Amino acid sequence: MSELTHFNQAGEAHMVDVGDKQHSHRLAIAEGRIYMQAETLTLIDTGQHKKGDVLGIARVAGIMAAKRTADLIPLCHPLALTKVGLDLTLEHGQPAVYCQAQVETRGQTGVEMEALMAVEIALLTVYDMCKAVDRGMTLSGIRLQKKTGGKSGEWVRAAAG
């Protein structure tokens, strides 16, 4: 296992110097779910939720969150993102909303945190918009699925077995 990079030799937190790293295409895919009552999912699905288009607002919130990650995670670098895509899917059998974010850049550091932030904030937005009818919703399984680019290359989460 590599050593933690956000600490200097004295054990103090610092922002990693990426100035000498090569530019490369960087991609990260993250996912997560918010579980809810079936009735809440039906409100979202049928467009009968009083607050409007829950998934549309959540998608925009996730995109905004990816762009603002460095404002919230103290040691993240501000990045020029080239793509942020969010897919939100209703899962009636769970019942849940599944979110997958894909974030890309061409730069000197990866976009894993931006993808994770996009998923988290999109799902929190679903919670915020639906909490009046279902306070028991649960966010779960927020995790990185894949990352590519940079010196470490590609990483893909192993399939559950």
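Two strands are said to pair if DSSP finds at least two bridges between them, and the strands (E, at least two residues) and helices (H or I, at least four residues) named in these legends are DSSP runs numbered from the N terminus. The views show a predicted model, in which local features need pLDDT of at least 70 and side-chain atom pairs count only at pLDDT 80 or more, while totals for chains, interfaces and linings use all residues. Residues are numbered from 1 along each chain as its sequence is written, and side-chain values use heavy atoms, with hydrogens and water left out.

**View 1. Strand β1 and its partners in the sheet.** Strand β1 (residues 24–35) runs antiparallel to β3, to which 12 bridges join it, and Gly32 stands opposite Cys99 in β3. With β4, strand β1 pairs in the antiparallel sense over 8 bridges, and here Tyr35 stands opposite Thr138. Because 9 of the 12 residues of β1 are buried, this strand is largely enclosed by the rest of the structure; buried means under 20% relative accessible area, exposed over 50% and partly exposed in between, with a 1.4 Å probe and protein chains only.

View 2. The 5 strands follow the order β2-β3-β1-β4-β5, with antiparallel pairing. Strands β2 (81–91) and β5 (155–156) each have a single partner strand, so one side of each is left without a neighbour in the sheet. Strand β5 pairs with β4 (residues 138–148) over 2 bridges in the antiparallel sense, and Val156 in β5 is the bridge partner of Lys146.

**View 3. Helix α1 and its buried side.** The buried residues of helix α1 (residues 38–46) are Thr40, Leu41 and Ile44. They cover an arc of only 100 degrees around the axis, which puts them on the same side of α1; the arc is that of the directions from the helix axis to the C-beta atoms. Their cover includes α2, β2, β3 and α4, and just after α1, Gly47 takes a positive phi of about 70 degrees.

**View 4. The packing of helices α2 and α4.** Helix α2 (residues 54–67) packs on helix α4 (residues 112–130) at an angle of about 145 degrees, with the axes 7 Å apart; axes are lines fitted to C-alpha atoms, for helices over the stretch in contact, and angles run from 0 to 180 degrees between N-to-C directions. By class, this contact has 13 nonpolar, 2 polar and 1 charged residues, where Ala, Val, Leu, Ile, Met, Phe, Trp, Tyr, Cys and Pro count as nonpolar, Asp, Glu, Lys and Arg as charged, and the others, Gly among them, as polar.

Terms used
Contact means heavy atoms within 4.5 Å.
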